[in-house]
Amino acid sequence: MNNTLEAYKKAIKIKYEIEKEGEYFDFLYNPSRGKLRDLCWLIFEDKPTQDDLNVFRNLLCLDFDHTQKNKFKDQKDKFRPIETFFKGETDPSNIDAINLAAVIVDFQPRPFKKFNEKCRIEEAKQTKSVVKNVTGEIDNNGIEEKVLVKNEHEESKEVPQKGNLLWNFRNLFSKKLAQKIYPRKIITIAVGAVALVSSACIYLVQKKD
């Protein structure tokens, strides 16, 4: 909650920096309690939403009424937290003052309740996306492992041909074994295998003779 409120205040302050150079420059560029009060009245004269009317009532303890402008003018001190907030002099904790500041600079979404709800929805979407990606990676890894196990299982089923003196020699140079054995060892094994095959051939020739 605190992190979301800080984000809300930061976003309002950023909006203020933009708006103070805009249409309400005279009220916002060098804000005072009186200027903010007058701008607030001007804004609420232009068809305020029910949420904004609630904010008005919560902070000023009176309902907005076009016929009560003189009574509203007595509320100048209620705008002091907003003035010091815009000037960067204070960090207000009064949520009603923060919400009215949002109204004055037309920050959306407001009030804080709606901003908080939107943040929760966005966090839920991001969490769902992360979970989906992780699940996808796990599934892909599972598929790869199944394929590897299947290939190894199929290789283990291969039966060497009887009478083929070169069968073991071929297995010694299979892809997996070649990746694990250093070149010198490969050469040594190759020479030994060739010698073994040669001896076998000589033995067969002598036996025939």
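Helix α3 (residues 33–44) packs against helix α7 (residues 95–104) at an angle of about 65°, and their axes are 10 Å apart. This is a predicted model, where local features need pLDDT of at least 70, side-chain atom pairs count only at pLDDT 80 or more, and totals for chains, interfaces and linings use all residues. Residues are numbered from 1 along each chain as its sequence is written, and side-chain values use heavy atoms, leaving out hydrogens and water.

**Exercise 1.** Work out which residues of α3 and α7 meet, and how the two helices are oriented.

*Solution.* 
- Start with the orientation: α3 and α7 are roughly perpendicular to each other (angles of 65 to 115 degrees count as such).
- Next, find the contacts (heavy atoms within 4.5 Å): Leu-36, Leu-39, Cys-40, Ile-43 and Phe-44 of α3 meet Leu-100, Val-103 and Ile-104 of α7.
- Finally, sort them by class: eight residues are nonpolar, with no polar and no charged ones (Ala, Val, Leu, Ile, Met, Phe, Trp, Tyr, Cys and Pro count as nonpolar, Asp, Glu, Lys and Arg as charged, and the others, Gly among them, as polar).

**Exercise 2.** Is Thr-84 buried or exposed, and what does Thr-84 contact?

*Solution.* 
- Locate Thr-84 in helix α6 (residues 80–86).
- Check its relative accessible area: at 12%, Thr-84 is buried (buried means under 20%, exposed over 50%, partly exposed in between, with a 1.4 Å probe and protein chains only).
- Leave aside neighbours within four places in sequence, and Thr-84 is in contact with Glu-89 and Thr-90.

Methods. Axes fitted to C-alpha atoms, helices over the stretch in contact; angles between N-to-C directions. Helix = DSSP H or I, 4+ residues; strand = E, 2+ residues; numbered from the N terminus. Parallel < 35°, antiparallel > 145°, perpendicular 65-115°, else oblique.
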